[in-house]
Amino acid sequence: MASTSQNRSRTRQRASNHKNFTTISPEKERGRLADLWKEAFPVGTEWDQYEKVYEINWEFSNLENAFDEGGVLHGKKVYLFGCTEPQLLWFKDKEGNDLSRVVHIPAVVAVTSPFPPSDKVGIKSVQMEGEMILPMKEMKMDWIPYIPEDTYEHTSLERYKTQIYTLKCTQRRAALKQLQQERIKKYEYCLPYLYQPMKEDEFPTDTVVSIMYPFEDESKPPIVAEYDWDIDTYEDYANDLVAAEELLAEEKEKFMAFVKSQVMAEKRKQREAREARKKAIEEMSRETKDALENMRFYKFYPVKTDDTPDISDKKAAFINRYYGKASQVL
């Protein structure tokens, strides 16, 4: 008799559980990833422009659809990071008048890979003498699993049969006042770094070196420029600066020697990088080689809606100097 009572109790419990279970319709399930693009930190965006990126109600339904069955991201392990591209866009005001202003257009780059594409960022600007490759964590960035706060949203992710990671930054904007200007600038010149030894032959050799020539008189600002050894000659380059009254004629020889030393240092750096690349490929496992060769980059732009500007002619495949071009632009 006790056994029969227990069976009835279990039956009532199952019925109760079934009754309280909330079914999510496919229509409601769609749109679950509508705000996913906001989770990907827009790397390299000036802090004073950060909030302005979200003033426009951008829509990334194309990113959401990419995770559906048949989409380019369905069933893949995906790593997402954001970026912004300043462009002059035209709007219409309430009276129908044409207006224009510079807008930081957001884009999301999706990397399909069995492991994180990189744990480093690159920092480079004309004002800096060299390039800095830093661990992401030094800039308070890391790849974080995307887990929606809503339980049902988390459950609905199973239908995408994928794992999503987004690049997050924990640097609080409220604390920026306490940071030195140099530290703040690092964020603005920051780019997601990627070492691609298998594809570096596809990229043209960089023949441009950044120059910051200091004068003995420290009150005089340094000459900040770029020298292309494939196009310029030391003599012509220096003569142009003398003609522009940026360099004294008596200091021309000293300046030329400085530029030559910078070029030689850059060529040596590139030669060492090629040797390191060759060694890295030789020591690389077959699994890692396959992963790097099959890694794909997808760049998503906002789709056109009634309340957003048309940016269809602003799309570009280029991601950054480390990633190169996207496999596909959507």
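Modeller: The structure holds ten salt bridges, each being a side-chain nitrogen of Lys or Arg within 4 Å of a carboxyl oxygen of Asp or Glu. The model is predicted, so local features need pLDDT of at least 70 and side-chain atom pairs count only at pLDDT 80 or more, while totals for chains, interfaces and linings use all residues. Residues are numbered from 1 along each chain as its sequence is written, and side-chain values use heavy atoms, with hydrogens and water left out. Side chains of opposite charge can pair when their charged atoms come close.

Take K299 and E85 to begin with: their side chains meet in a salt bridge with an N to O distance of 2.6 Å. This pair links distant parts of the chain, with K299 in strand β10 (residues 296-300) and E85 in strand β1 (residues 77-92), 214 residues apart. Strands here are DSSP runs of E with at least two residues, and helices are runs of H or I with at least four, both numbered from the N terminus. K299 counts as buried because its relative accessibility is 0%. E85 is buried too, because its relative accessible area is 15%. Buried means under 20% relative accessible area, exposed over 50%, and partly exposed in between, using a 1.4 Å probe and protein chains only.

The side chain of K299 has other polar partners. It makes a polar contact of 3.0 Å with the side chain of Y301, and one of its polar atoms lies 3.0 Å from the backbone oxygen of A316. A polar contact is a pair of N or O atoms within 3.5 Å; within protein, one must be able to donate a hydrogen and the other to accept it, and residues adjacent in sequence count only if both atoms are side-chain atoms. Leaving aside neighbours within four places in sequence, K299 is in contact (heavy atoms within 4.5 Å) with residues including E85, A107, V108, V109, F318 and L330.

A second pair is D142 and K137, whose side chains meet in a salt bridge of 3.9 Å, N to O. D142 is partly exposed because its relative accessible area is 28%, and K137 is exposed because its value is 63%.

R321 forms a salt bridge with D206, the closest N and O atoms being 3.9 Å apart. This pair also links distant parts of the chain: R321 is in the loop between β11 (318-320) and β12 (324-325), D206 is in the loop between β7 and β8, and 115 residues separate them. R321 counts as partly exposed because its relative accessibility is 40%; D206 is partly exposed because its relative accessible area is 35%. Elsewhere, salt bridges that share partners join R286, D290 and E293 into one network.

Next comes helix α9, residues 286-294, in which K289, A291 and L292 are buried. These residues line one face of the helix because, seen down the axis of α9, they fall within an arc of 165 degrees, taken from the directions from the helix axis to the C-beta atoms. E287 and N294 are exposed on the other side of α9. What covers the buried residues of α9 includes α8 (252-283).

One more residue is Y195, found in the loop between β7 (190-192) and β8 (208-213). Y195 is partly exposed because its relative accessible area is 33%. From Y195 to R277 there are 82 residues in sequence, yet 9.2 Å in space, C-alpha to C-alpha.
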